[in-house]
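Dear colleague,

I am handing over the structure below, together with an account of what was found in it. Please look through it before you read on.

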Amino acid sequence: MSQQQTKNIITLRGSAQIICEYLKFAMNSVLFQRGLYPAETFKAEQHYGITLLLSEDAQIKNFLTNLLTQSEEWIVNKKVSKLSLIILDVANKEVLECWDFKVEYEEGDTALSKERNETVGNKDLKKIQQEIRDVMLQVAATISYLPFLDRRCSFDVLVHAKTDCDIPEQWAEAEPISITNAQNVQLKSFTTSLHKMETVVTYKLFD
Amino acid sequence: MAKEGDMSLFNDVLEPFRRVINTDPPKEKLSASLKLNFSDSNQSLKEGLSNLLSLGKRKSSIGMGDVSTPDKRMRTESTSNAGSVPPSPWEAKKMKIDLIAAKAQITRLEARVNHQHTIRKEMQILFEEEKGSLIEQHKRDERALADMEERLQVIRRREQELKDEFSDAVKEHKEMKANWDKDKSELLKQIAELKDKLLEANVSSKDQLSEMKKDMDELLQALEGAQSEVDILKKEVAKQTSRAEQCTSLRTQLEKQTFELQQVTNKLKELEYEKDSYKDWQQQSKTAQKRLSNMAELEKEVTRLRANERSLRDAVCNKLLLEEQVHVLTTKVEALQPVQQKLHDAKVKIASLETALEEWKTAARNHGVENARALSSALEAALTSQLTATAGCSEAQSKLAQLTEEVATAKYERDKTATKLNDLQTVRKNQESLIHRLQKRLLLVTRERDSYRQQLDCYEKELTVTLSGEGGVGGAALAAARVEQLEKSLQAYRDLLASLDQTAHTKQVESLRAEVSKWREEAESLRRDVLKLQAQRDVLQAHLERLHAQPATKVLHMMDNPAAAAQKQIQTDLEAAQEEIKRLTAALREGGNVACPEEMQQLKQQLENSRIKLKRMKEEYTSCAQEYKDVVYMLLGYKIDRTGHNNYRISNMYAESAEEYLTFTLCEDGIEMVQTDYAETLSELVELHLQHHHSIPVFLSALTMNLFTRTTMQQDAHE
């Protein structure tokens, strides 16, 4: 019984790590699916029982690791409410697409938390991964209805943090973005019992 | 006895069978022997056949006579035996039994005999068949035998013939031998003769040999003489060869000389060419000298040009500086543009303010104030008055508040009273309706009373009528009056009913109206609710917007994100491209020749050289062509001119005038002569050489010969 219990415990840090791992794969998947970088710069890897594509580009890798290590800190400290991956036209800085990854904080297992004197959850890791896989498959399927990006595009990640959050080095405040004639598509959400992740894609509908 | 008799009988009966049985094996043996001896000889076969035939005869006799007859005889015998000896009863019985048994046996035997008959018949048939086949075989064998005999005879004949031949051959051989012996002897004789002859010949040959030897010696001597001659001749040959060598050397020298001559001529040609070129050079040197004379001017020009170039370079430097300045200035201008904008705005503001001030001033003047102090004092006064006014105002407002309160209370009271009034009015209305109803009832009651009264009167009248008398007329009138009365009452009732109906109707209408008004009120209230809710919704929306407008979060991003990098990249690309465009446009404006003057010079020189070369080649070509033409003219006697495309005009060396020429055109399949005036005069030659011989060269040669003879004849005539 005790073994079973220890098996299913998810700490706050672990949950944040799961979230950040999901973010990494989701962002890479979006970059691949939306064709922002050439397909040959991506390498296929097996995660969650499906094949995911990760960018081999050093710049992108570096950017994502920096971003996600900082984000993990913030998620642990409950500073972040949302991460937005925006895809914008390089020529005129127009935002064409926005992938919102909303983070909500949940209680987890209160009884167990009291017992262990820290916030913990008790969800099965396999179940979490199953949920993540469902979301990833949905992300891959979005290409069928998202508009074709026929211009030179780049991306940026905006972190919606609380106002009392300190701005670390290499970070700066950005303008909030808005998409004209926007369409929202809510993808499946998943939860680690400590963090709930909702994925929403907003895209500009061309007439 | 009986037994014996039976036995004899038996024997009699059985004998033929035994015979048959005994005869069977020999027959088989015979057939076997037949088969064996079949091919041996004819005689044995014949014997076998005769045996068989005799056997068959015997058998047939046995089958026909011996077997069928004993049966009948037997019975007769048995009966005769029974008659002769008187039997005892026991014997008789036994005899009878025996007889019966014998009879049975007889029958059995008869059957057997029959069976044997059938067997015999079958056998006979078989034998006959075999006999037939054997006869056939025999015939065939006979035939074969005959053939064989014939063959044997033939062979014998042949043998005889061969023997004859052999004897003939032997005879011939003997004859031949004799002949050969004769020949041999003759030959031997001949040999002997020949031997003699040989001996003789040997002797003669020896003589000849000696003669030959003599001859040989003579010949040897001759040979020696000849050899000496040969030596002499050899010497001469050596001499001749030496001479020939000399000749060859001379020839080689000659060749060398000719070669040298050729070389020399080549050299001469080269020298001539060189001379020509030297002439060119001379010309060139002359021009160069001329140019040299112009050198000073050129140098001056060069210095001038250098100065020009320096100035241009300075100008370029200045231009760059200016460009930079322009760039700086443009940036400044860009920086200053907003400032200017601001300035403009400020100016506009000032103007507007001035107008405002002017207005103020005019306003002040209108109020009779000239100075600022006066204005301030006036303002102060105004302010104080305003203060007092405000104080009054506040008092008034407080009073107003009091009054409004009072009004409110009054209103409240008034409302209260109004409600009371309403209540009272409703009560009154109810009462009024009650009164109305009561009045109506009263009316009804009075009318009822009246009707009752009338009825009463009627009854009284009736009573009086009945009491007064029983008159028919009176009675009728009374009835009519009564009817009238009754009708009246009926009418009254009807009216009453109608009035009552009307009231009910009005009541219903009223109730409906009330209902309608109630519904209307309800609708109104609902509308009000809707409005209220809308207002609420608006408020909430505003609230929501407010919440949105005040973000509880701040948006952060990494400074070196890919978008920024891409932006920077595109910016730098753009700048680089623009700079390149600038550079290229500048280069285009300045012109390409500045880029590489050395190369230009080189190319010019090359061009000049190639031009000179071309010129020389042309000269060479023309000179060669002329030479060629001259040679042709001198050698062939015709001057050939090309008058146009594929057209050639030839005129003879010995022609009398320039008009005497022929024209030829070059066709695909050769050359053709064109009709000319001169050609018409040469119809004879044309006919002979062109039409008959089909040869232009012959024609031309003939013409030459013709003309030549003519000219020489003329010359002779002159001489």
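In what follows, helix axes are lines fitted to C-alpha atoms over the stretch in contact, and the angles between them run from 0 to 180 degrees between N-to-C directions. Please keep in mind throughout that this is a predicted model.

I begin with chain B, where helix α4 (residues 89-293) and helix α5 (residues 295-366) pack at an angle of about 55 degrees, their axes lying 4 Å apart. Angles from 65 to 115 degrees count as roughly perpendicular and those under 35 degrees as roughly parallel, and α4(B) and α5(B) are therefore oblique to each other. On the α4(B) side the contact is made by Arg291(B), Leu292(B) and Ser293(B), while α5(B) brings Met295(B), Ala296(B) and Leu298(B).

The next topic is how the two chains meet. Chain A and chain B bury about 2200 Å² between them, with 63% of that area on carbon and sulfur atoms, and the contact takes 28 residues from chain A and 17 residues from chain B. Of the area that chain A buries against chain B, Phe63(A), Arg152(A) and Gln170(A) supply 20%, which is more than any other three residues. Between the two chains the count is 0 salt bridges, whereas 10 residue pairs are in polar contact.

On the side of chain A that touches chain B, the elements giving two or more residues are α3 (58-76), β4 (80-89), β7 (153-162) and β8 (171-173) of chain A; β7(A) gives the most, with 9 residues. The residues of that side divide into 17 nonpolar, 6 polar and 5 charged.

Finally, a search of the whole structure finds 22 salt bridges over all chains. In one salt bridge the side chains of Glu72(A) and Arg13(A) meet at 3.3 Å, N to O, and this pair links distant parts of the chain, since Glu72(A) lies in helix α3 of chain A and Arg13(A) in helix α2 (residues 12-33) of chain A, 59 residues apart.

With best wishes

Definitions and conventions
Residues numbered from 1 in each chain as written. Chains lettered and ligands numbered in written order. Predicted model: local features only at pLDDT ≥ 70, side-chain atom pairs only at ≥ 80, totals over all residues. Heavy atoms only, no water. Parallel < 35°, antiparallel > 145°, perpendicular 65-115°, else oblique. Contact = heavy atoms within 4.5 Å. Buried area = accessible area lost by both parts, 1.4 Å probe. Salt bridge = Lys/Arg side-chain N within 4 Å of Asp/Glu carboxyl O. Polar contact = N/O pair within 3.5 Å; in protein donor to acceptor, adjacent residues only side chain to side chain. Nonpolar A, V, L, I, M, F, W, Y, C, P; charged D, E, K, R; others polar.
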